[in-house]
Amino acid sequence: MEGGFISEQYLEILEKVMHPTVRAYGTARTTSRALQVFQKVQHTATEMSMMTPSIDLSSYRDQHFKGSRADQERMLHLSTTLYVGNLSFYTTEEQLYELFGRAGDVKKIVMGLDKFKKTPCGFCFVEYFTRDDAEMCMRFINGTRLDDRIVRTDWDAGFVEGRQYGRGKSGGQVRDEYRTDYDSGRGGYGKIVQQKMLPKLT
């Protein structure tokens, strides 16, 4: 911006995004209103970037990873696989393909299973063909709803056989051992609470 005028580039952005009469403000040297609108554009863009989920690595690291921390970090940065949590026990593989396929071509989905019952226990692994598609998933599917639950995705170093089974003592996920709330989508109360309730029911 020079000599009190708004540049053509700024005017084009303003006209397209915010206000149809900005050009009149700019060309008439009445730039104060145009500046306010432009600042609003900048503020809105900042808010939108803050609302977009991050594709950066989280602080979580799988303690059962077979290899060094450096190996894990390298694989996470190159991975096309995502860990998906907070699923309903009733969510099907077909539903997952339909949802995650919106971000790109899905190579494989591995359902998380109760290690004793071999039934779904609320998580899965989603592998894409490319890193770009996996990043699209992190941006636009992480935090959305499936079966009335908020889907949580995180980078994974890559699925290996055996990781599809829950690590809790009762066969499911550890989180479902200790939950004290009632969650109809994840088997009711947590396993420890259920065990305490059994004597009262018999």
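About 40 Å³ of space lies in the largest cavity of this predicted model. The structure holds one cavity of 30 Å³ or more.

**Lining of the largest cavity**

- The residues that line the largest cavity are Leu87, Ser88, Phe89, Thr91, Met111, Gly112, Pro120, Cys121, Gly122 and Phe123.
- Two strands, β2 (106-113) and β3 (120-128), each supply at least two residues of this lining.
- Strand β3 gives the largest share of the lining, with four residues.
- Sorted by class, the lining has six nonpolar and four polar residues, and no charged residues.

- Arg149 is part of strand β5, which covers residues 149-150.

**Arg149: contacts**

- Leaving aside residues up to four places away in sequence, Arg149 touches Asn86, Leu87, Ser88, Thr144, Arg175, Asp183, Gly185 and Arg186.
- With Asn86 there is also a polar approach: a polar atom of the Arg149 side chain lies 3.0 Å from the backbone oxygen of Asn86.
- Leu87 and Ser88 link the two topics: they are among the residues that Arg149 touches, and they are also among the residues that line the largest cavity.

Definitions and conventions. Residues are numbered from 1 along each chain as its sequence is written. This is a predicted model: local features need pLDDT of at least 70, side-chain atom pairs count only at pLDDT 80 or more; totals for chains, interfaces and linings use all residues. Side-chain values use heavy atoms; hydrogens and water are left out. A polar contact is a pair of N or O atoms within 3.5 Å; within protein, one must be able to donate a hydrogen and the other to accept it, and residues adjacent in sequence count only if both atoms are side-chain atoms. Contact means heavy atoms within 4.5 Å. On a 1 Å grid over the protein atoms alone, a cavity is a set of points where a 1.4 Å probe fits but cannot get out, and a pocket is an open set with protein on both sides within 12 Å along at least five of seven lines; lining residues have an atom within 4 Å of a point. Grid points are joined across faces, edges and corners, and a volume is the space filled by probe spheres set on the points. Ala, Val, Leu, Ile, Met, Phe, Trp, Tyr, Cys and Pro count as nonpolar, Asp, Glu, Lys and Arg as charged, and the others, Gly among them, as polar.
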